[in-house]
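This report describes selected features of one protein chain. Please look over the sequence and the model before reading on.

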Amino acid sequence: MRLNEGAPPAVSPSPSQSEEGRRAYVVPCAGGRGTFLRALLPVVASLLCTPLLASGLAGVQLRPSAPVQEAYFAWDEGRYVDAIEGYLELLEEAEGERFVEEVARLTGELHPVRPVDDDGSGLAVSPDGRHLLWSRSIGEEWVTRVESVEGGGRMELPGRIATFTSGGEVAYLHDGILYLRNLDSGEERARELSGFIPIDLNAAPDGRHLYLTAGRVGGGDRLHIFRVDSRDGDPELLDLGEGHATQPMPAAGGRHLVFSRPSGSPLPAGDVRETHTPDPGLGIADLETGAVSHFDGSAPSVSADGGGLAFVRREEGGANRILWLSLDPVAVPSDGEPNFRVLIETDRPLEAPASSPQGDRVAYELQVHRDWEVFLSPTDGSGSQHRVTREIQHDRFPAWVGPDRILGMKGEFRHRRAYLYDPESGDGYRLFHNNTLRTIAPEYEWAPHPDGDGVLVVAERDGDTIAPERAVWWVDLTRTVTRAELIERLQTALDDEVALLERGRNAFEPIAGEVGQVTQAVSVPRIRSYAEALYSFGGKFFTEPGNQEAIAYLTAVLEGWGYDVELQWFEPRGVRTANVVATLPGTSDPELVYVISSHFDSVLGSPGADDNSSGTTALLEAARVLRDHPRRATIQFAFLTAEEAGLLGAREFVRRALEDDVQIVGVLNNDMIGWTRSHRLDNTIRYSNPGIKDIQHAAAHSFSDLITYDALYYRGTDAAVFYDAYGDVVGGIGSYPVLGNPNYHQPTDQLETINQPLVAAVSRTTVASIMLLADSPARLIGLDVVESEGSGVEVLWDVAPESGITGYRVEVQEREGEWREVDLVPAPSLEIEDVSGLVRVRVRAVRDSGTEGWDWAYGEIP
């Protein structure tokens, strides 16, 4: 069965099914790996690696060498340069081969990964494990692509309804015709299926039959399942009882068919596909006897051997069960409900059962406290339960990778990461990565190889969550990275990190002394006091009394520090609320405005300690420490309301700014910054502008204890409103798309879950970032490259609006990718006489204080 967003097992969950996380840290012991509780101090690490086999501590390894231990803790502390240099030193030793797996797991991918396509979804691996399948759009049309696991012999098929058969064919529907193409010979045969509105297509394990979910043209609003003999005969309408029948799951052996029975309002005959959504309710048919049984349940999972069915049932009174049905000849009675076996019963929420290939175990997710964890139970009905994962982030949607490994999805839907687990020991490691130190790689879909030889993945490996394309990748589990490959990738990561930190040091050098003084004034106790006050108001959704109390509190605090405060009152949906805006006028360029913003409201039913009192308190403290340190440009501290009601406060702020011709040249937006799963103070830079991203990395590294990741991300946040109005000038810090907080939008988002030193670290990073931004020239506009006589070009750009501009730095990029400086010119133009071998030019302004533009303006050389 295709593993896609609409079909269980749910290994490509949708948002409605609701960084860099690790189940447990790895003690770098010589000869292998071990686990330890992250609360233990480094000084006892050596004890964890001494002989403890008699104590029963499974997985603890022996005798670490000093270089491994030092590198490991440097990595854990975010000292990546020291860590990588230590690992490289270790790997390059004569016995370095034995540390390859350990170092690879910690620093990125253990297995080789190859790119498959730059966009795709609806993944599948053929039953014989030889071919991969995915769908993608090209323009306004959809196509399905198929290629070998090794990457050859690509086929492109029209449409997106396709499936593999176990007979070595791919079946697909297009314009009312069923096509079957042989994967080896390429020969194709066709069957006309006129009169149907197809929804889905699934192949039976017998290699001959296909099951089609479809409505009939002119046949009313009901969805049916048809069995199609791929060789001859008309489609056979299966009599599966009253109501809809969808999502056919034929069991191996050919006798039993499991299906879903969605309920709800009738479906319009004209467009069945747009309104079909699965609802709880299942059925099973014995295709030999014709017996059919309907029963309550959801999330069905049939074992690959056809031996059994697992599903979830929610009983009256609140009990949740996972039930098991052995698919034997008497599985479906002539009347009444089948004889189910209870595998687990609990009052806790549980979801997503996944039957093992051999049908002896079922993996599932269970909400232990606030987070989901993966568990395992045998199908013998003993009621035993084995916990596989143990981490405060969600672990969800288990899927079997072969008979003895489980794939689990860690995190929230905007940034899930696949981990591969040993189901018995719980030992696991991250499956997919991009092998960088800073940039995250959100994953969205997974399709395991039937024998466990690999996993097909949809992910944004480059961290770009804005572009609509999501690339497809193949993770080869049959081999691991070599020592040479690992050394090469670590050297690349080291070079990138050294360059990032050097750019940051150079950018901050002219004002580093003052930035250090101001950021050191950030106070954890003060931030805690703001948080206590905001928490005392309870919920702060814009319709709740706490919203008004927060407005009054923020106004009083800011006015107490000497700010002139503007209250931007407006009435969304007939309810009065306000943004609270404090302004720190610029000393030389007050007409140029930089905005730091956070929303102070919460969702209904939640006190919003992390979302987003954490961002609000960090912003308050930034306003306090900057009060007596104005910058050359103006800074506005914008406390925005009604974000949770549709970004309404940000929209009102921007509406007024545009109406008043406010020249906003840069924005930082912080949202959900106060929760951490461990001792690490880490968070994610969400940006549209790469220059601001680099400045925030440098600010965190130089002036705080914050460890920063990054993602090109702003959608769905107040930052998106600023981006839409002012373009690519947005940065900021927030939990998502690395959202691990299990209290997100829950009543449990309470004050005691917030790490106030983390909030302070974000505040320091924000203060340092805005000080440099507001003292530096903004990105130039109007850059144009025009051809001149001969082989040269003239580069033109608009004059920088800041005062004190002493010149413009111009660099060119060679075809090989290297950038080199051409000139430092006093005026906004430059002629380059010979551009042979050059592909791009970039320019930024230089100021009399020594600061330079925080981002380059780019142009293509014709």
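## Strand β38

A638 is part of strand β38, which runs over residues 633-640. The model is a predicted one. Because its relative accessibility is 0%, A638 counts as buried, the cut-off for that class being under 20%. A650 is twelve residues away from A638 along the chain, and the C-alpha atoms of the two are separated by 8.9 Å.

## The chain as a whole

The chain has 862 residues, and 60% of them count as buried. Its secondary structure consists of 14 helices and 50 strands. The accessible surface comes to about 33,100 Å², with 48% of it belonging to carbon and sulfur atoms.

## Helix α12

Helix α12 covers residues 690-703. Its 14 residues reach 20 Å from the first C-alpha to the last, close to the 20 Å expected at 1.5 Å a residue. At the start of α12, N689 places a side-chain oxygen within 2.8 Å of the backbone nitrogen of G691.

Eleven of the 14 residues of α12 are buried, so the helix is largely enclosed by the rest of the structure. Among the buried residues are the charged K693 and D694, as well as I692, I695 and F703.

## Helix α14

Helix α14 spans residues 756-775. The N-terminal end of α14 is capped by N755, which has a side-chain oxygen 3.0 Å from the backbone nitrogen of L758.

Because 19 of the 20 residues of α14 are buried, this helix is largely enclosed by the rest of the structure.

## The second largest pocket

The second largest pocket has a volume of about 1,200 Å³. It is lined by 40 residues, of which D496, A499, L500, R503 and D694 are the closest to its centre. D694 is also one of the buried residues of α12.

Which element supplies the largest share of the lining? It is α6, with 13 residues. At least two lining residues each come from α6 (483-508), α12 and β49 (838-847). By type, the lining divides into twelve nonpolar, 14 polar and 14 charged residues.

## R840 in strand β49

Strand β49 contains R840. This residue has 25% relative accessibility and therefore counts as partly exposed. R840 and P862 are 22 residues apart in sequence, while their C-alpha atoms are 8.7 Å apart in space.

## Backbone geometry

Most residues other than glycine have a negative phi, and most peptide bonds are trans. Some sites in this model depart from that pattern.

The peptide bond from D611 to N612 is cis, with omega near 5°. N612 lies in helix α10, residues 609-626.

D661 is not a glycine, yet it has a positive phi of about 55°. The residue sits in the loop between α11 (648-659) and β39 (663-669). With a relative accessible area of 67%, D661 is exposed.

H745, also not a glycine, has a positive phi of about 60°. Its loop lies between β43 (733-734) and α14. Is H745 buried, exposed or partly exposed? At 30% relative accessibility, H745 counts as partly exposed, because that class lies between the 20% and 50% cut-offs.

Technical notes
Residues are numbered from 1 along each chain as its sequence is written. This is a predicted model: local features need pLDDT of at least 70, side-chain atom pairs count only at pLDDT 80 or more; totals for chains, interfaces and linings use all residues. Side-chain values use heavy atoms; hydrogens and water are left out. Helices (H or I, at least four residues) and strands (E, at least two) are DSSP runs, numbered from the N terminus. Buried means under 20% relative accessible area, exposed over 50%, partly exposed in between (1.4 Å probe, protein chains only). Accessible areas come from the Shrake-Rupley method with a 1.4 Å probe; for residues, only the protein chains shown count as cover. The expected span of a helix is 1.5 Å times one less than its number of residues. A polar contact is a pair of N or O atoms within 3.5 Å; within protein, one must be able to donate a hydrogen and the other to accept it, and residues adjacent in sequence count only if both atoms are side-chain atoms. On a 1 Å grid over the protein atoms alone, a cavity is a set of points where a 1.4 Å probe fits but cannot get out, and a pocket is an open set with protein on both sides within 12 Å along at least five of seven lines; lining residues have an atom within 4 Å of a point. Grid points are joined across faces, edges and corners, and a volume is the space filled by probe spheres set on the points.
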